[in-house]
Amino acid sequence: MRLSQVIEERLREVFAPDMLNVEDESEKHRGHAGYREGGDSHFRVHIRAPAFASMSRLERHRAVHDALGPDVMTRLHALALHVEG
């Protein structure tokens, strides 16, 4: 299973978002540090969920990292987050 699918499944399970978009931007980073042939290295996530409403920006990012878990976080090189409550 592609890492983008794992990311999407975990975020849907934990946050039941109103909106979720997981974009593999790996190809845009060809030749840069962390790039891997075939992708699955650089991601941009846009997520909106009621669970984030009372959280600060830092708390939202930590919550996403926790939801993804260390097995996902160690497999990717870059994760850009846009988190809304």
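Two strands are taken to pair if DSSP finds at least two bridges between them. In this predicted model, strand E2 (residues 42–48) and strand E3 (residues 78–84) are joined by 7 bridges and run parallel. Within this pairing, Ala 78 of E3 is the bridge partner of His 42. E2 also pairs with strand E1 (residues 19–24), here in the antiparallel sense and over 6 bridges. Val 22 lies opposite Val 45 of E2.

Helix H2 (residues 57–73) forms a right-handed β-α-β unit together with E2 and E3. The helix is not straight: a bend of about 60° occurs at Ala 67, and Pro 70 follows within four residues. The C-alpha atoms at the ends of H2, a helix of 17 residues, are 19 Å apart, whereas a straight helix would reach 24 Å at 1.5 Å a residue.

The largest nonpolar core contains 21 residues. H1, E1, E2, H2 and E3 each contribute at least two residues to this core. The residues with the most contacts inside the core are Ile 7, Leu 11, Phe 15, Val 45, Ile 47, Phe 52 and Val 64. In general, nonpolar side chains of soluble globular proteins tend to be buried together. When neighbours within four places in sequence are left aside, the contacts of Val 45 are Ile 7, Leu 11, Leu 20, Asn 21, Val 22, Leu 79, Ala 80, Leu 81 and His 82.

Key
Residues numbered from 1 in each chain as written. Predicted model: local features only at pLDDT ≥ 70, side-chain atom pairs only at ≥ 80, totals over all residues. Heavy atoms only, no water. Right-handed = clockwise from strand over helix to strand, strands pointing away. Expected span 1.5 Å × (residues − 1). Bend = angle between axes of the 7 residues up to and from the residue. Core = buried A, V, L, I, M, F, W, Y, C linked by side-chain atoms within 4.5 Å. Buried < 20%, exposed > 50% of the residue type's maximum accessible area, 1.4 Å probe, protein only. Contact = heavy atoms within 4.5 Å.
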